Amino acid sequence: MKPVNEAKLTFWSRSANEGFARTAAACFAAQLDPTLDEVNDVKTAVSEAVTNCIVHAYPDQLGLIVLRLRLYPDNTLEIVVKDSGVGIPDVDQARTPLWSTGGADRSGMGFTIMESFMDAVKVRSRPGKGTTVTLRRRIARRFPG
Amino acid sequence: MPIACEETGRALTVRVEGEIDHHAARQLMEELSRRLDAALPKSLTLDLGGVAFMDSSGIALVLRAYRRMVALRGSVTLQNVPDQAAKVLKAAGVDRLLPWNE
Ligand SMILES: Nc1ncnc2c1ncn2[C@@H]1O[C@H](COP(=O)(O)OP(=O)(O)OP(=O)(O)O)[C@@H](O)[C@H]1O
Ligand SMILES: [Mg+2]
């Protein structure tokens, strides 16, 4: 299926960009006329994926994060969050609830939240190369009246 | 990230406002710890009524407050939790850990 619309943003791994990224995704999603709950689900999942790049992928330097937003004819929103950071040695383990390498400031619930708020979550990672997280969510069609 | 406190006897109410993400969390954690250390309350009420957005950084914040209050042999109650924050906290099972006033 070919996307009907697409946007791509590149930004530095500064924590101030967490709010920027989730708001940008919400604005892009607005063309699907989503409910407030649907917008909040998208914002929450994007916040988790982007925060992971900032906290884990680039722990002690700045790096680039790419956010790609795509809209498909069946009302599916696809969000790709890509970093070129440290990578994840064991993705299955990383996706386990409560698993975290982040210490007391983190709860190990980011992937679990992405999974419960989105229809599909795909993670591809290569240690030393980076991580790509793909989130998919179908927005229900609403009819006037 | 503004927080406002109200103390009645050994009961402390902390109102949190704004967006609780990783960007805001560090300052918020420090502020909350400082207030808890100063008040040493028996009960803490976290009023989340003004929270416009929360992600997993908020889970860590609530759990830290919870652990501190357990150490003080006190209790934590959540109050006025908005829908979006409630969904995040429930995904982590926080609703089964703490009393929750809708
Ligand atoms: N982009 C990434 N690059 C490198 N490691 C990552 C990345 N995303 C996640 N991880 C690893 O996967 C673990 C689990 O991520 P998850 O988001 O579920 O929890 P967390 O970030 O540790 O805590 P929380 O999201 O609750 O604050 C992280 O602790 C980290 O080790
Ligand atoms: Mg995370």
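Which backbone oxygen does the side chain of Ser125(A) reach at 3.3 Å? I will come back to that after some conventions. What we have here is a predicted model, in which local features need pLDDT of at least 70 and side-chain atom pairs count only at pLDDT 80 or more, while totals for chains, interfaces and linings use all residues. Residues are numbered from 1 along each chain as its sequence is written, chains are lettered from A and ligands numbered from 1 in the order in which they are written, and side-chain values use heavy atoms, with hydrogens and water left out.

To the opening question, then: the side chain of Ser125(A) reaches the backbone oxygen of Gly130(A). Ser125(A) itself is placed in strand β4 of chain A, residues 120-126, where strands are DSSP runs of E with at least two residues, helices are runs of H or I with at least four, and both are numbered from the N terminus. The side chains of Ser125(A) and Thr131(A) are also joined, by a polar contact of 2.8 Å, and by polar contact I mean a pair of N or O atoms within 3.5 Å; within protein, one must be able to donate a hydrogen and the other to accept it, and residues adjacent in sequence count only if both atoms are side-chain atoms.

Let me turn to ligand 1, which lies between chains A and B. There are 20 residues around ligand 1, and those that come nearest include His56(A), Thr101(A) and Arg106(A), a residue being near if one of its heavy atoms lies within 4 Å. An oxygen atom of the ligand is 2.7 Å from an N or O atom in the side chain of His56(A), one is 2.6 Å from such an atom in the side chain of Thr101(A), and one is 2.9 Å from a polar backbone atom of Phe111(A). In the shell around ligand 1, the largest share, four residues, comes from α2(A).

In one of them, the side chains of Arg22(A) and Asp21(B) meet at 3.0 Å, N to O. This pair crosses between chains, from helix α1 of chain A to the loop between β2 and α1 of chain B.

Methods: A salt bridge is a side-chain nitrogen of Lys or Arg within 4 Å of a carboxyl oxygen of Asp or Glu.
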